[in-house]
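Colleague: I am new to this structure. Could you take me through its pockets and a few of its strands?

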Amino acid sequence: MMQTVTEDVSRRDFFRGRISRTASEPGGWLQIDELSAGAGDVFWDGWADEAGVFVAGDDGVIFHFDGTEWKRQPVSAPVPVHSLWGTSRNDLWAVGWMGLVLHHDGRVWTKVRGCVTNEGGKYSDASENAPLFGVAGLPNGQAWAVGDRGTILHFDGQDWVSENSGVRAHLRCVVILPDGRVLAAGGDGIVLIRNEDGQWHKQSCPIHSNFTSALPLEDNTVLLAGGRYFVDANGFRGDLVLWDGKSFKTLFAEKTFSRFRALAAYKHGAILVGDAGQMHLLGHDGIERLDSGTNHDLLGIVTLATGEVVSVGDFGTALTANATALENFKPYVATREAATLWEPVASGTDRQLWGVWHDTRQDELFACGEEGTVLVFDRGKWEALPPVNDLGIHALSRAPDGGLLAAGQMGEIHQFDGAKWRKVYDLHMDVTILSLWSDGSTFFAAGDEGLVLCKTPESADWVRAASGTKSALYGLWGPDDRHILAVGDFGLVQRWNGECWDEFNAGTEYFLFDVWGRALNDIFVVGLSGTIGHFDGTRWTITPARARADLLAVTGNDREVIAVGAAGTIYRHDGTVWRRDPGGTDVGLRAVSTTPDGGFIAAGDRGTLIVRLP
């Protein structure tokens with residue numbers, strides 16, 4: 001795992017004699033026997049935080065250590081996992097052979113890309129299957145992965161998309177420079193820089209080494225390590241190269257090294273590992289060979305939160321210089337994090353809740369559900385209004401005269417006057433109204449079988465309108481009565497332009513269950529199998545999300561967006577990237593809304609209501 005060197009480890013420190021040796025330099029290295037790998041297992045890389053360490057390798061192997069024991073974690077693709085990076089264990093990426101991209105949400109690993117098979121069930125030669133060997137990213141969640149044939153993928157917060165590297169050489173490492181630029185390197189001395197223009201620019205490197213690892217220093221200089229084949233040596237020799245942004249310089253050219261595979265910041269310098277157990281410590285006064293205690297190839301370095309490292313490699317090798325390095329992890333408890341984010345609220349009912357609505361004009365909260373259930377939040381607690389009837393209620397809105405509208409099964413719309421309900425519309429069909437939209441004077445309702453109803457200030461009653469579809473429409477959103485979207489089956493998005501409905505292709509065949517936006521150039525949709533989509537005013541970007549559960553509702557404010565769904569699934573978009581937001585429940589969540597105090601409330605099965613404080 002590549003990390004940026006901290007400010008006390010700089011190029012000046014390395015080469016101008018400004019570091020003093022500590023008394024705790026490593027002696028012998030110890031095999032971590034508790035990591036029970038097979039004799040033929042190969043470990044490539046890992047990742048660690050204060051709560052534990054992950055180690056990954058061949059055959060889809062990912063082990064996790066929580067301070068007590070090592071456990072192998074299930075991975076769906078049995079191919080080598082080469083590199084890990086993430087902003088946290090709730091947002092951790094792994095890349096590997098056959099273009100494999102995995103995501104860890106704090107609980108499980110989910111395959112989001114790669115390992116495409118043909119009709120015979122074998123991995124195909126699709127471009128998506130180009131092997132990936134390195135991944136790194138920014139604190140905001142953006143990431144880059146590199147691999148064979150010049151492959152570069154960019155995760156923009158929603159999806160992994162290809163970027164043109166301009167080269168065909170195999171790329172093996174990617175790192176982030178302190179100034180925010182991205183560097184990728186690989187075979188035949190290839191070094192690429194991604195500047196602010198988003199384009200990759202090849203640097204003029206005269207050293208034709210096969211770079212496998214890179215380490216940025218604080219002043220945007222970079223150490224590059226790798227190796228190349230020499231005929232006279234009948235084998236590979238290692239190269240260590242310094243790039244200062246303008247020129248490349250070979251370091252320690254008078255020394256002979258085995259091929260380097262990885263380097264990382266360590267103590268007051270850097271540690272390098274490579275073939276045949278090679279291990280070196282780099283400092284201001286030169287480079288020193290360390291006794292690793294093994295002749296197995298060392299392929300990766302995992303930097304622990306304490307500053308210690310674990311070196312991993314062939315034949316299940318996992319080494320540490322400090323016997324207590326793995327004893328200081330802080331317990332990680334997902335439910336503890338969840339309790340700080342979302343809090344359960346007593347609803348007073350065990351009925352399924354299908355809708356929750358924040359009346360922003362009167363700053364009131366309502367919820368609705370099966371058997372005519374309608375709840376109102378009043379004086380600090382939820383109270384039940386008289387049941388509408390024995391039918392399910394899916395949507396609520398404010399009536400023109402200030403009363404409350406409720407719509408649901410059998411195409412019925414009812415109005416509450418503060419004391420009792422009365423039916424104000426009846427479709428006389430077994431068709432469910434699933435959503436309501438209103439700006440206070442114009443109203444739309446949508447539901448099963450392409451149902452769209454409209455009521456305007458000029459119309460005395462609700463009028464059925466031609467929606468242009470016979471598919472179910474689950475959600476409505478719009479900034480005004482001339483710009484409204486309805487979403488439904490098989491990726492359907494219908495758009496109202498003030499006069500008629502027409503299709504607005506979102507580029508997916510997954511069912512879409514809800515839609516919400518800040519503006520016409522900032523619209524979100526959610527749907528089946530964790531689908532999340534975004535419209536930026538020009539195009540839709542659809543992401544088969546890291547969530548495997550269906551996402552049923554979405555809403556947001558100026559700062560963030562919340563999507564909820566089956567099995568208690570909650571995702572939060574912070575303006576850059578979607579991340580799992582633990583809700584402390586595994587109950588299905590069917591609706592979400594903002595709250596008067598700037599937070600969020602989600603509703604679901606068994607009368608569940610949970611609130612996320614602002």
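This is a predicted model: local features need pLDDT of at least 70, side-chain atom pairs count only at pLDDT 80 or more; totals for chains, interfaces and linings use all residues.

Colleague: How much space lies in the largest pocket?
Modeller: This pocket has 45 lining residues. Among those nearest its centre are Val356, Trp357 and Leu476. The space in the largest pocket is about 1,400 Å³.

Colleague: Which element gives the largest share of the lining of the largest pocket?
Modeller: The elements that give two or more residues to this lining are β30, β34, β38, β42, β46, β50 and β54. The largest share is seven residues. These come from β42.

Colleague: How many residues of that pocket's lining are nonpolar?
Modeller: The lining of the largest pocket includes 15 polar residues.

Colleague: How much space lies in the second largest pocket?
Modeller: Its lining has 29 residues, and Trp44, Phe133, Arg172, Thr212 and Arg261 lie nearest the centre. By class, that lining has 16 nonpolar, nine polar and four charged residues. Strands that each supply at least two lining residues include β2 (43-49) and β26 (298-303). The space in the second largest pocket is about 520 Å³.

Colleague: Back to β42. Why is one side of β42 left without a neighbour in its sheet?
Modeller: Four strands form an open sheet here, in the order β42-β43-β44-β45, with antiparallel pairing. β42 and β45 (501-503) stand at the edges, so each has a single partner strand. Neighbouring strands of this sheet are turned by 25° against each other on average, direction ignored.

Colleague: Which residue is the bridge partner of Leu485 in β44?
Modeller: Strand β43 covers residues 483-488, and strand β44 covers residues 493-496. They pair in the antiparallel sense over four bridges. In β44, the partner of Leu485 is Arg495.

Colleague: Leu436 lies among the residues nearest the centre of the largest pocket. Which residue in β39 is its bridge partner?
Modeller: β38 covers residues 433-438. Five bridges join β38 to β39 (residues 443-447), and the two run antiparallel. In β39, the bridge partner of Leu436 is Ala445.

Note on methods. Residues are numbered from 1 along each chain as its sequence is written. Side-chain values use heavy atoms; hydrogens and water are left out. On a 1 Å grid over the protein atoms alone, a cavity is a set of points where a 1.4 Å probe fits but cannot get out, and a pocket is an open set with protein on both sides within 12 Å along at least five of seven lines; lining residues have an atom within 4 Å of a point. Grid points are joined across faces, edges and corners, and a volume is the space filled by probe spheres set on the points. Ala, Val, Leu, Ile, Met, Phe, Trp, Tyr, Cys and Pro count as nonpolar, Asp, Glu, Lys and Arg as charged, and the others, Gly among them, as polar. Two strands pair if DSSP finds at least two bridges between them. Axes are lines fitted to C-alpha atoms, for helices over the stretch in contact, and angles run from 0 to 180 degrees between N-to-C directions.
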